[in-house]
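Take a look at the chain below.

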Amino acid sequence: MSTSAEFSWTDSFLLGFEPMDNTHREFVELVQAMLESDQAAFPGRLRAFIRHAERHFGEEYEWMSSTEFPATQCHHDEHQAVLASLYEVEAAIQDGTADPTAGLRLAQELVRWFPGHADYMDAALAQWMVKRNHGGAPVVFRRSIEPGNVPV
């Protein structure tokens, strides 16, 4: 079931709010684990990702709610749509109406979805949080090193 698709952490995902950046690293690692999974291990990896997503999205919702973030509802609605898809695929795999390849397609969709969500919705929240906590926008240093092309 494993795919040749790769989803790895890159500095382009950094937003400058460390708690969010750390959670996003875990997100990427867990999606990659699903992409690399065989059929037997996939349900457990999907469950681990769902637990992560529930915590991850819950934490962001708490930040948004507690700080009166202006785009809370839109951001929360997008998270809820992702969770609904995760629960639907997990249920279909469990009841046998879908095989784990449906989960692989979901993992591939998360690879497609995450960069845009992080660049727009999460970046706005990260800036909001840093500004509230420190009085200014985050400063993010991104290395221009591509995976596999590390200088010696």
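Start with two residues in this predicted model. Both Phe27 and Phe49 are buried. Each has under 20% relative accessible area, because that is the cut-off for the word "buried".

Now look at their rings. Two aromatic rings are described by how far apart their centres lie and by the angle of their planes. The ring centres of Phe27 and Phe49 are 5.1 Å apart, and the planes stand at 70°. An angle over 60 degrees counts as edge-to-face, so this pair is edge-to-face. Where do Phe27 and Phe49 lie? Phe27 belongs to helix α1, and Phe49 belongs to helix α2. The pair therefore ties together parts that are 22 residues apart in sequence.

Next, widen the view. By the rule for pairing rings, there are 10 aromatic pairs. One aromatic cluster is formed by Phe7, Trp9, Phe13, Phe27, Phe49, Phe57, Trp113 and Phe114.

Phe49 has other partners too. Set aside its neighbours within four places in sequence, and Phe49 is in contact with Phe27, Leu30, Val31, Met34, Leu86 and Leu110.

Several of these names come back in the core. The largest nonpolar core holds 26 residues. Which of them have the most contacts inside it? They are Phe27, Leu46, Phe49, Leu86 and Leu110. The largest share, 7 residues, comes from α4.

There is also a second, separate core. It has 11 residues, among them Phe17, Trp63, Ala123 and Ala126.

Definitions and conventions:
Residues are numbered from 1 along each chain as its sequence is written. This is a predicted model: local features need pLDDT of at least 70, side-chain atom pairs count only at pLDDT 80 or more; totals for chains, interfaces and linings use all residues. Side-chain values use heavy atoms; hydrogens and water are left out. A nonpolar core is a set of buried Ala, Val, Leu, Ile, Met, Phe, Trp, Tyr and Cys residues joined through side-chain atoms within 4.5 Å. Buried means under 20% relative accessible area, exposed over 50%, partly exposed in between (1.4 Å probe, protein chains only). Helices (H or I, at least four residues) and strands (E, at least two) are DSSP runs, numbered from the N terminus. Contact means heavy atoms within 4.5 Å. Rings of Phe, Tyr and Trp (its six-membered ring) pair if their centres lie within 6.5 Å; planes under 30 degrees apart count as stacked, over 60 as edge-to-face and the rest as tilted.
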